[in-house]
Amino acid sequence: MLVVLHQLLWWYLWHGPWAIWRNWRSQSQQTQHAYAVTSIRQLLHLLRLAYGRTVHPAAYYQLVLHRYPHSHTFNFIYSQQLPDWHKVWQPHITEPVQALIRNKRLFAEQMSAAGMNTVPTLSYWQQGTRLTKLPSFEDNTVFCKPVAASRSQGCYTLRITKQECCLTTYTETLTAPAVVLRFINENMASQSYLVQPFLHHHSVLDQFLSETASVLATITIRLVSAFSAGEVIFMAANLEVNEGQQRFKLLPINPDNGLLYEHNWQLPLWSQLLQQVQLGHNVLSSVKTLGWDFVISQNQVYCLEVNLNWAVQPMQLPEQGGLLEKFSKLYSPVS
């Protein structure tokens, strides 16, 4: 009871008001211009959601909740709810299954054995190892990610040639060899790393990049699947365009046919991607919903990883009303 009281007081007296003010101040003018919703009306919406339903104000703007009647906001699943989603609806996900999802190396091995196209591992850097010189790779540019990476934290690209040394994270670029080597060793002190080829997306997807996109811009697909009554169901999908320098955009996809809603354009190799998801979710059939990350290359699709707590809010943008009703048909109450 004391913990609950503390959390409620913390939200209502401190974090809630501060979140309302911060999001309203940064987003209200832009929203008023785009949707003709006055700043005062937005503020009233935020107060009603934050204090009446403890919905974070950021979700109001990200999901554009002013488009819906207040009663319809119950149909959305919010980011702060998703980590507890499986604990409530399917509390018996075993530790081996959770370990398989968390460990990128173990996941790649088992999915490859099941017939999936996973990204090959060029090298494995054990936690605590120290490199004495910069490594060399045949493909020059590689992608380094922690074995237990979450939300791309700790990931970076590494390009080493006779003429160039460049390490790029989502926030900075390092070019001095001594600085790059120190950065690599400092990161390996706390976690193990997989070194994989840097995958290039299919060339037809370049049309979704702006002219100022980074050379190492990435275009990936996030698809959410569900397992119900022995069948894999495709729930929602987005094309995620990361142009570097914190520029990121989402394009909603019809998960059944790979058609981009806004552009009426068909993604290549979509049937192959769905087949890969079916293979993977059949291995992880004890988990009802999973978020899969893929790259569509020139010739085939590659599975990057799978997530138990996939980013729920972006997946609801094309749904016009939220995913809760859709998911309630798949989950059954637990005792």
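Colleague: In what sense do β3 and β4 pair, and over how many bridges?

Modeller: Two strands count as paired if DSSP finds at least two bridges between them. Here β3 and β4 run antiparallel, with four bridges, and Thr157 has Thr168 of β4 as its bridge partner. A four-residue hairpin links β3 to β4. Bear in mind that this is a predicted model, where local features need pLDDT of at least 70, side-chain atom pairs count only at pLDDT 80 or more, and totals for chains, interfaces and linings use all residues. Numbering starts from 1 along each chain as its sequence is written, and side-chain values use heavy atoms, leaving out hydrogens and water.

Colleague: Which way do the β4 residues point?

Modeller: In a regular strand, side chains alternate between the two faces of the sheet. In β4, Cys165 and Leu167 point one way, Cys166 and Thr168 the other, and all are buried (under 20% relative accessible area, 1.4 Å probe, protein chains only).

Colleague: Which residues of α7 are buried, and what covers them?

Modeller: An α-helix has 3.6 residues a turn, so residues three or four places apart point the same way. In α7, the buried ones are Val180, Leu181, Phe183, Ile184, Asn185, Asn187 and Met188. Their cover includes β1, β3, β4, β5 and β6, with contact meaning heavy atoms within 4.5 Å.

Note on methods. Buried means under 20% relative accessible area, exposed over 50%, partly exposed in between (1.4 Å probe, protein chains only). Helices (H or I, at least four residues) and strands (E, at least two) are DSSP runs, numbered from the N terminus.
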